[in-house]
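I opened the notebook to look at one chain and its partner. These are my entries, in the order I looked things up.

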Amino acid sequence: MSDCKRGFRTRTALTAATTLLLIPGLALAQAPSAKTSSALSTTSAKQDRWLHVRVISSDAKGETVRVNVPLELAEKVLPAINHDRLHDGKVKIDCAHLNDVDLRTMVDAIRTAKDGEYVTVQGNDNDVRVAKQDNHLIIHVLDKGKSKRSQVEIKVPMKVIDALFSAGKDELDLVAALHALSGTGDTELVSVKADDNTVRVWLDSKNVTD
Amino acid sequence: MMLLAKAALGLTGTLFVAGAYTFHEGVIRIDVDEHRAGGSHVHMWVPAAAVPMAMHFVPQKHLREAAERSREALPIAHAIVKELKKYPDLDLVEVVDGEQHVQIRTRHGKLQIAVETPDQQVHLLLPLSTLDDFTRQLEANAPGA
């Protein structure tokens, strides 16, 4: 065997040995970053907030509707919808239908007010209660209709309402409200219990309804 | 003999590469079953990779018309598909009404739409990447794009 060939083989063997020695080192060096990446993806998955809607009808057919929407998806898709009153994730309010009620001023007043019951109406047909409790606006309506009874409970974090009214005077910023909602904990937003169906709208970190 | 062997090898290689590409891109699956006398049963498997290629053969005039008609919906569809790609396994909507069942979900990066009624079953499976390509190409053909 010539010296040239022997030299080439020696160099090749040395290169191979060095590579083999370096591979575990590289793998070890990459391991923490892989762990970090895995941890990040887990955190990211944990941070996903889901809006769930469930409608269960108690009639003979037993109609059920389940909707699961990631809040991030809704936040990104809403600005793409430009139809009728909805533009860039904001919906225009028709002032003519508000009977000269300045919603923004009302929201400001509620924000600065202390916790308590603001409206309590007890009638033959309906009971209505509007309250502020633990930075949540709570609306409770009990319809005592003779044919069908229904109970509606709405619980919205104040920061979501603030975000909703953060746009111009005559518009509601839905995207900002969704963004604010994504920062809140697990919460039930709407609950309707009627004789013939129940509706639930809630927010949590699970990607499936119960 | 050698020439034939080379040609066979070339053909096999091409088929293998084409198959691998098709498999990578996924397939569009359409199943329609009508459960009644004389009802039709359609089962279609289309390589998803064929859609962007096929769109190149659609006359520009028709593409422009389609883009014009769906002008309002295209940005919404594009935004939805783009976001859905982040959720490869998502149960989006499920409606059960007696014997009727509608389900919209994503599985393994594919959009699944299933409609089941006592007399008909429709199942649609579409890779989200194909839908993304499709909406992109239509948007590119929209007037003023």
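Which residue of β3(B) is the bridge partner of A:V67? I looked it up, and it is B:V93.

**Ground rules.** I am reading a predicted model, where local features need pLDDT of at least 70, side-chain atom pairs count only at pLDDT 80 or more, and totals for chains, interfaces and linings use all residues. Residues are numbered from 1 along each chain as its sequence is written, while chains are lettered from A and ligands numbered from 1 in the order in which they are written.

**Confidence.** I checked pLDDT, the predictor's confidence in each residue, from 0 to 100. Chain B averages 88, and 97% of its residues score at least 70. Among the elements of chain B, helix α1 (residues 2–25) has the lowest mean, 80, and strand β5 (residues 110–117) has the highest, 96. The model scores ipTM 0.78 and pTM 0.75.

**Elements.** I counted five helices and six strands in chain B. Helices (H or I, at least four residues) and strands (E, at least two) are DSSP runs, numbered from the N terminus. Their order from the N terminus is α-β-β-α-α-α-β-β-β-β-α.

**Strand β3(B), inside its own chain.** I followed β3(B) to strand β4 (residues 100–107) of chain B. The two pair in the antiparallel sense over seven bridges; strands pair if DSSP finds at least two bridges between them.

I then turned to strand β2 (residues 64–70) of chain A. Four bridges join it to β3(B), and the two run antiparallel. Besides the pair I began with, B:V96 is the bridge partner of A:T64.

**The contact.** I found 16 residues from chain B and 16 residues from chain A in it. Residues are in contact if their C-beta atoms, placed from the backbone, lie within 7 Å. On the side of chain B that touches chain A, α4 (73–84) and β3 (90–97) each supply at least two residues. β3(B) gives the most, with eight residues. I sorted that side into ten nonpolar, one polar and five charged residues. Ala, Val, Leu, Ile, Met, Phe, Trp, Tyr, Cys and Pro count as nonpolar, Asp, Glu, Lys and Arg as charged, and the others, Gly among them, as polar.

**Overall extent.** I noted that the C-alpha trace of chain B spans about 65 × 45 × 35 Å along its principal axes.

Conventions: Contact = placed C-beta atoms within 7 Å.
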